[in-house]
Amino acid sequence: MNDFKEELKDLFIHVREWTFWRTLLMIQAGCFLFGLVVNGILIPQNFFSGGLMGIALLIRSISGESFPLSLLYILLNIPLFLLGYRNFSLRFIFVSLLGMGILSINLELTLGMEIQTKEPLLAAILGGVASGGGSGLYLRFGGSVGGLDILGTYIKKRMAIPIGTTFIFVNLLVILTNGLLYDLDIALYTGIFMYVFSWSLQRVQAGFSQRKSLFIISRKPEEVAEKVLRRLDRGFTYFHAYGGFGHEPKEVIYTVINLLELGRLKQYLFETDPDAFIAVNDTAEVIGRRFLTWEEEGYEKNRAQKTEKNPRNTDS
């Protein structure tokens, strides 16, 4: 009961903050784009989307369009919220319910708005970019519209099945049924739409500013740090390691740079230590000094830090 009271209090505080209303604005913008794609591209082209909306479109097609898509989406979400409400915070459930309602409203508002595309392939690509970008927009700011995230988390905790496996299974089922109801070409276009949707969502959610994380192993770690990383004006961290082949202690340098700096770094590293070992990894998102700050990403200082300054009086 105390946990619920704390979550309820946290929710009331969050609702009074600008970040909550900004998230709702992002949800509205993303849901309008998604609704426009559903009514303007997917339905006219007989494509299905992934996730819960794909299941709703499937039921709509099987039932002969007897039920409004917006109503189907709400009805499919209700049991998921009942299943998963214990696994999520009250704030997330509240935002998800609002998001579900906003998406349903936008599905109604965009009825009859058809996007004139004669080529199915172009329609799949355009729809994926627009709807994926819209979804990534609100996900980046902590928004949600319900759907398979809740089911995936519930199944993972109950059956130890990864969330990604649940998504893959549902999406493959949707594509297969799409092909059975219509034809193979349409099912393939649905698959293309899902792929582009996922790509666009990730690009917008993580941002287009690509970063690279690097591990550098060198016999001259201080020289590499001075002549390579300081020339790029990048910070770095040393890890103490032990070589498995040479059986000797080593210093591993870890740093993060942007994509444009990678070529210069390799050139500087070659000039400093041609025998150095370097591993370059893609990094989806970086928040911290010399990159994006938490405030620039839209986050506020931890509310716990605020309460530390004004602790509640617990004297009886």
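**Close-up views of a predicted model**

**Figure 1. Packing of helix H4 against helix H7.** The axes of H4 and H7 approach within 9 Å and cross at roughly 40°. This crossing makes H4 oblique to H7, and H4 passes H7 in a left-handed crossing. On the H4 side the contact is formed by Leu80, Phe81, Leu83 and Gly84, and on the H7 side by Ile150, Leu151 and Tyr154. As in every view shown here, the coordinates are those of a predicted model.

**Figure 2. Helix H4 and its buried residues.** H4 comprises 16 residues (residues 69–84), and at 1.5 Å a residue it should span 22 Å; its end C-alpha atoms lie 23 Å apart, in agreement with that expectation. Buried within H4 are Leu69, Ser70, Leu72, Tyr73, Leu76, Asn77, Leu80, Phe81 and Gly84. An α-helix has 3.6 residues a turn, so residues three or four places apart point the same way. The cover over the buried residues of H4 includes helix H2 (18–45), helix H3 (51–62), helix H5 (90–109) and helix H7 (148–159). Two of the residues named in Figure 1, Leu80 and Phe81, are in contact with H7 and also belong to the buried set of H4.

**Figure 3. Helix H3 and the glycine that follows.** The 12 residues of H3 should span 16 Å at 1.5 Å a residue, and the end C-alpha atoms are 17 Å apart, which agrees. The buried residues of H3 are Gly51, Leu52, Met53, Gly54, Ala56, Leu57, Leu58 and Arg60. Among the elements that cover these residues are H2, H4, H5, H7 and helix H8 (163–181). After H3 comes glycine 64, with a positive phi near 70°.

Figure 4. Two packed helices are described by the angle between their axes and the distance between the axes. For H2 and H3 the angle is about 40° and the axes are 13 Å apart; the two helices are therefore oblique to each other. H2 passes H3 in a right-handed crossing, and the contact involves Phe34, Val38, Leu42 and Ile43 of H2 with Met53, Leu57 and Arg60 of H3. Met53, Leu57 and Arg60 are also among the buried residues of H3. The loop between H2 and H3 contains asparagine 46. Most residues other than glycine have a negative phi. Asparagine 46, although not a glycine, has a positive phi of about 65°. With a relative accessibility of 27%, asparagine 46 counts as partly exposed.

**Figure 5. Helix H6 and its buried residues.** At 1.5 Å a residue, the 21 residues of H6 (residues 120–140) should span 30 Å; the end C-alpha atoms are 29 Å apart, which agrees. The buried residues of H6 include the glycines Gly127, Gly128, Gly132, Gly133, Gly134 and Gly136. Ala123, Ala124, Ser131, Ser135 and Tyr138 of H6 are buried as well. Just after H6, glycine 142 adopts a positive phi of about 85°.

**Figure 6. Surroundings of threonine 255.** Threonine 255 lies in strand S3 (residues 249–258), and its relative accessibility of 1% places it among the buried residues, for which the cut-off is under 20%. A polar atom of the threonine 255 side chain is 2.7 Å from the backbone oxygen of glycine 235. With neighbours within four places in sequence set aside, the contacts of threonine 255 are Lys212, Ser213, Leu214, Leu229, Arg234, Gly235 and Phe236.

**Figure 7. Surroundings of alanine 187.** Alanine 187 is located in helix H9 (residues 184–206) and is buried, with a relative accessible area of 6%. Apart from neighbours within four places in sequence, alanine 187 contacts Ile175, Asn178 and Gly179. The C-alpha atoms of alanine 187 and valine 174 are 8.8 Å apart in space, while the two residues are 13 residues apart in sequence.

**Figure 8. The chain as the setting for these views.** The secondary structure of the chain consists of 12 helices and 4 strands. Of the 316 residues in the chain, 40% are buried. Among contacts in the chain with a separation of 6 or more, 74% join residues 24 or more positions apart.

Terms used:
Residues are numbered from 1 along each chain as its sequence is written. This is a predicted model: local features need pLDDT of at least 70, side-chain atom pairs count only at pLDDT 80 or more; totals for chains, interfaces and linings use all residues. Side-chain values use heavy atoms; hydrogens and water are left out. The expected span of a helix is 1.5 Å times one less than its number of residues. Buried means under 20% relative accessible area, exposed over 50%, partly exposed in between (1.4 Å probe, protein chains only). Contact means heavy atoms within 4.5 Å. A polar contact is a pair of N or O atoms within 3.5 Å; within protein, one must be able to donate a hydrogen and the other to accept it, and residues adjacent in sequence count only if both atoms are side-chain atoms. Axes are lines fitted to C-alpha atoms, for helices over the stretch in contact, and angles run from 0 to 180 degrees between N-to-C directions. Angles under 35 degrees count as roughly parallel, over 145 as roughly antiparallel, 65 to 115 as roughly perpendicular and the rest as oblique. A crossing is left-handed if the near helix is turned anticlockwise from the far one by less than a right angle, and right-handed if clockwise.
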